[in-house]
Amino acid sequence: MCLAVPGRVVNVVEGEGLGLRCGKVDFGGVLKEVCLAYTPEATVGDYVLVHVGFALSVVDETEAQKIFEVLREMQQLEELETPSEIGESSA
Amino acid sequence: MKFLDEYRDSTAAAQLSRSIRRITTRPWTLMEVCGGQTHTIVKSGLEDLLPPEITLVHGPGCPVCVTPVELIDRAIAIAARPETIFCSFGDMLRVPGSSKSLLDVKAAGGDVRIVYSPLDAVRLARTNLSREVVFFAVGFETTAPANAMAVWQAEREGIRNFSILVAHVLVPPAMEAILNSPNCRIHGFLAAGHVCTVMGWKEYEPISQRWHVPIVVTGFEPLDLLEGVQMAVAQLESGRAEVENQYRRAVRREGNRPAQERIAEVFEVAPRKWRGIGEIPLSGLRLRARYRAFDAEQRFEVGVGTVEEPSECIAGIVLQGLKKPFECPAFGTRCTPETPLGAPMVSSEGACAAYYLYGKRKHEGSKSELPGAAARG
């Protein structure tokens with residue numbers, strides 16, 4: 001139930017009167033109306049994490065890449081540490 | 001899809017797997033708190049990528065599983081009333097109450113509807129003024145902002161025919177209850193990432209310090225979970241016990257302030273009974289006095305007493321990570337998703353359903369590497 005899916009904000013309608021801040025969010029081609037009241041900083045083009053119709057967080061694109069930077073560093077270390085294993089199979 | 005597919009890459013998973021093997025010297029038991037994480041682990045076979053020293057046990061983070069049977073009976077009684085439109089997330093419909101489920105009520109002609117968002121239920125109330133629209137507000141902190149907003153919005157618009165049946169639970173008190181148990185064998189936690197998008201991780205810091213356990217806020221994709229395991233094991237191997245954030249792209253330490261404020265305005269912390277576990281002090285939410293008019297338990301007088309659980313179901317033990325689903329004698333025989341004895345076999349987040357669906361019916365004994373993990377060099 002705590003699943004949340006990232007999608008790209010396509011448009012934003014600021015809440016007026018009794019309306020809540022909302023917008024259309026694109027989930028890999030499927031558009032859905034999402035409440036953006038909890039992400040006042042979200043603008044068109046941002047990726048937001050959406051749970052039961054509510055954006056809970058704006059995805060930080062820089063942070064999203066960090067795991068891959070760590071993995072690249074790890075791979076370089078592995079190559080330095082195990083030069084003799086290259087090309088060999090090991091269990 | 002961006003921010004999903006790249007976190008399912010098998011080459012990167014193999015690399016993380018090697019890294020975990022390299023740093024692991026002793027046996028460690030980690031609990032992933034959220035049922036969504038359990039499903040990723042079982043579906044992707046992540047346990048096969050871990051060294052034999054690492055055991056993952058599955059936590060209580062399945063709201064459908066921990067909703068007490070009395071509350072389901074109450075939902076069923078309210079849903080069966082002719083004036084009611086009863087709205088729920090789909091997961092709740094097949095969960096067995098003491099004698100039937102919400103799906104049985106629907107089959108017997110009750111107006112039970114699956115909605116995507118609690119705001120859909122508010123919309124139904126707006127357009128069905130002669131009916132009572134009730135939303136089954138089940139969930140952890142992740143779902144609380146949505147349910148709080150639905151009530152807040154209904155009050156603002158003066159919608160009187162809307163109410164919610166509250167079954168909200170909180171993660172930190174459940175983690176403390178598990179750590180307090182004399183049978184506890186957990187060395188570290190992978191905390192539920194989406195709960196933390198809302199609440200941040202400040203409230204986990206005293207837990208980590210008091211019990212000296214690493215707590216790593218972790219995402220839901222295979223690479224997230226493997227990195228979460230790696231971070232927790234690195235802490236354990238070096239004797240550290242801190243709160244760390246693996247789910248950096250989505251979670252900040254302070255969480256989502258506007259969401260926390262709306263939750264605090266509409267709800268207050270209260271004791272809650274957890275199905276299979278019992279009452280945990282200050283482990284749930286109820287509507288504040290100001291919003292009590294939206295409380296379905298107050299609006300509809302439905303007497304439901306204490307209910308005995310089927311004795312064969314060991315859901316409570318599974319939810320505390322003390323046993324794996326396949327250790328239950330009824331698993332896959334007398335208890336299946338079609339004829340469940342307990343909620344963890346029903347919910348898409350339940351550990352029993354995950355093991356059943358992905359064919360993990362018994363412990364394989366020795367752990368084997370997946371093809372993706374075997375390639376080195």
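So, chain A: of its 91 residues, 33% are buried. Keep in mind that this is a predicted model. What is chain A built from? One helix and five strands.

Okay, on to where the two chains meet. Chain A puts 36 residues into the contact, and chain B puts in 44. Which parts of chain B are doing the touching? Several helices give two or more residues each, including helix 1 (10–23), helix 9 (193–199) and helix 12 (257–266) of chain B. Which one gives the most? That's helix 7 of chain B, with six residues. If you sort chain B's side of the contact by class, you find 22 nonpolar, 13 polar and nine charged residues.

Let's stay with helix 1 of chain B, and look at how it packs on helix 11 of chain B. When you describe two packed helices, you give the angle between their axes and the distance between the axes. Here the angle is about 15° and the axes are 10 Å apart. Anything under 35 degrees counts as roughly parallel, so helix 1 and helix 11 of chain B are roughly parallel to each other. Their crossing is left-handed. On the helix 1 side, the residues making the contact include Ala12(B), Leu16(B) and Ile20(B); from helix 11, they include Leu223(B), Leu226(B) and Val233(B). By class, the contact between these two helices has 11 nonpolar, three polar and two charged residues.

Now find the sheet in chain B. In what order do its strands sit? It's 2-1-7-8-9, an open sheet of five strands with parallel pairing. The edges are strand 2 (54–61) and strand 9 (243–245) of chain B, and each of those pairs on one side only. Going from one strand to the next, the twist averages 25°.

Strand 8 (residues 215–218) and strand 9 of chain B pair in the parallel sense over three bridges.

Definitions and conventions:
Residues are numbered from 1 along each chain as its sequence is written. Chains are lettered from A and ligands numbered from 1 in the order in which they are written. This is a predicted model: local features need pLDDT of at least 70, side-chain atom pairs count only at pLDDT 80 or more; totals for chains, interfaces and linings use all residues. Two residues are in contact if their C-beta atoms, placed from the backbone, lie within 7 Å. Helices (H or I, at least four residues) and strands (E, at least two) are DSSP runs, numbered from the N terminus. Ala, Val, Leu, Ile, Met, Phe, Trp, Tyr, Cys and Pro count as nonpolar, Asp, Glu, Lys and Arg as charged, and the others, Gly among them, as polar. Axes are lines fitted to C-alpha atoms, for helices over the stretch in contact, and angles run from 0 to 180 degrees between N-to-C directions. Angles under 35 degrees count as roughly parallel, over 145 as roughly antiparallel, 65 to 115 as roughly perpendicular and the rest as oblique. A crossing is left-handed if the near helix is turned anticlockwise from the far one by less than a right angle, and right-handed if clockwise. Two strands pair if DSSP finds at least two bridges between them. A residue is buried if 20 or more other C-beta atoms lie within 10 Å of its own, exposed if 12 or fewer, and partly exposed in between; C-beta atoms are placed from the backbone.
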